[in-house]
Amino acid sequence: MTATGPLASAGYGATPRSERKLAPDLARGVMLLLIAMAYAGVYAGVAFGGRLPDGTSAPDTVARFVVMLVLDNRAFPMFAILYGYGLAWMVARRRQAGVSDAETRGLLRRRSLWLLAFGAVHAFLVFPGEILASYGLAGLVLGGLLFRSDRAVTRTIAVLVPCYVVTVTLAMVSLAAAPDIAAVAMPGYSTAADWAARAVAVPFNPIFVAVAFPLLLLVVLGFRAGRLGLLDDPARHRPLLVRIAAGGIATSLLGALPAALIEVDALRPDVVSTGALLALQVLTGVLGGAGYAAAFGLLALRLDERRGPITRAVAAVGQRSLTFYLVNSVLVAVVLHHDLLGLGERVDSLGALAVALAVWLGALAVAAWMDRTGRPGPVDALLRRLAYRR
């Protein structure tokens, strides 16, 4: 297997274009836009768990309300589910090819360690709250489940659900009790204290994400969905996908509504109630992420046979998700960070979202060119060479 020629790159391995499924690539491509938007809001001074300041304009208030309702802790869960889905698919594919489990375990371990390394560099130089290192940690902790039975995977889900109800609630109550933590400015680049803060985030952030947000649960749900092949054959699983999409998204919206009202200062509950409602927003994001993934599976059914240029471009971004995740993050930081071009200090949430959209549209154009010329994502290809040792 090589990474050259007309191969589309993915976060979990090189796959010939003829074997790729539209739904996961389409979902990843759109989710990269939503993740860029979530990152952009931080540079504009809007952090999860905070409240909009007095005097915020009506358009900015509406934008933040919508982001809290449909984006915050919804894009990340879907991406984590797709990550687990991709790992399960990779293991199944290698087993079908006759590769030993021992060799595949080694591949997963190397891949996870390299994701940790990539994430550490990204956290230190660009965005301390990044997610690659968290995925690497999840791969190391959970990779063994991919060689266990479906029953073991289901039992793990049953154990993780109540654990995360407790840990997420405790984390969100702590956040509500210390709101200044949520509003801490992005570390800069100009002082030793800035670089110290960035260094501290490198080992701390993956552990924090794994405890305060349902990362491990999401990845294991991805394992289960990958074994079922929900997005590989959405036509076969259409009734289940419809139920997941409708129920998951509806529950997600209802669960996020109280936190969105708190965000725009329409509700003022006490600290414990605020933390509990923030936890509800985070926990229902699990269902929201699953609902979004299912919705993209259903959308792929309509688009698969008549892929227009926009569909192909979005899928091309998703095929090169690692590369464009990093590119989008770097460009958003360059434009918005207060120590760089500094636009984040002069725009509101709506302006930051516009910057993220512009960056993503640029990524679409570049990805479409790479797709036409058969070029893999360079960072995706690098990860494959390092993980596969070739």
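The second largest pocket has a volume of about 410 Å³. Its lining counts 20 residues, and those closest to the centre are Ile81, Leu221, Ala225, Ile244 and Ala290. This is a predicted model: local features need pLDDT of at least 70, side-chain atom pairs count only at pLDDT 80 or more, and totals for chains, interfaces and linings use all residues. Residues are numbered from 1 along each chain as its sequence is written, and side-chain values use heavy atoms, with hydrogens and water left out.

**Pocket**

- A pocket is an open set of points on a 1 Å grid over the protein atoms alone, where a 1.4 Å probe fits, with protein on both sides within 12 Å along at least five of seven lines; lining residues have an atom within 4 Å of a point.
- Volume is the space filled by probe spheres set on the points, which are joined across faces, edges and corners.
- Helices H3 (75-96), H6 (150-177), H9 (215-228), H10 (238-263) and H11 (271-303) each supply at least two lining residues.
- H11 gives the most, with six residues.
- Helices are DSSP runs (H or I, at least four residues), numbered from the N terminus.
- By class, the lining has 19 nonpolar, no polar and one charged residues.
- Nonpolar covers Ala, Val, Leu, Ile, Met, Phe, Trp, Tyr, Cys and Pro; charged covers Asp, Glu, Lys and Arg; the others, Gly among them, are polar.

**Aromatic pairs**

- The structure holds ten aromatic pairs (Phe, Tyr or Trp rings, six-membered for Trp, with centres within 6.5 Å; stacked under 30 degrees between planes, edge-to-face over 60, tilted for the rest).
- Tyr39 and Tyr325 are edge-to-face, because their ring centres lie 6.1 Å apart and their planes meet at 70°.
- Tyr39 is in helix H1 (residues 22-43) and Tyr325 in helix H13 (residues 321-336), so this pair ties together parts 286 residues apart in sequence.
- Tyr39 is buried at 9% relative accessibility, and Tyr325 is buried at 4% (buried is under 20% relative accessible area, exposed over 50%, partly exposed in between; 1.4 Å probe, protein chains only).
- Phe204 and Phe208 are stacked, because their centres are 5.7 Å apart and their planes are at 25°.
- Phe204 and Phe208 sit four residues apart in helix H8 (residues 192-212), about one helical turn.
- Phe204 is exposed at 52%, whereas Phe208 is partly exposed at 35%.

**Cluster and charge**

- Tyr39, Tyr43, Phe127 and Tyr325 form one aromatic cluster.
- Arg198 lies over the face of Tyr189, 4.2 Å from the ring centre (NZ of Lys or CZ of Arg within 6 Å of the centre and within 35 degrees of the ring normal).
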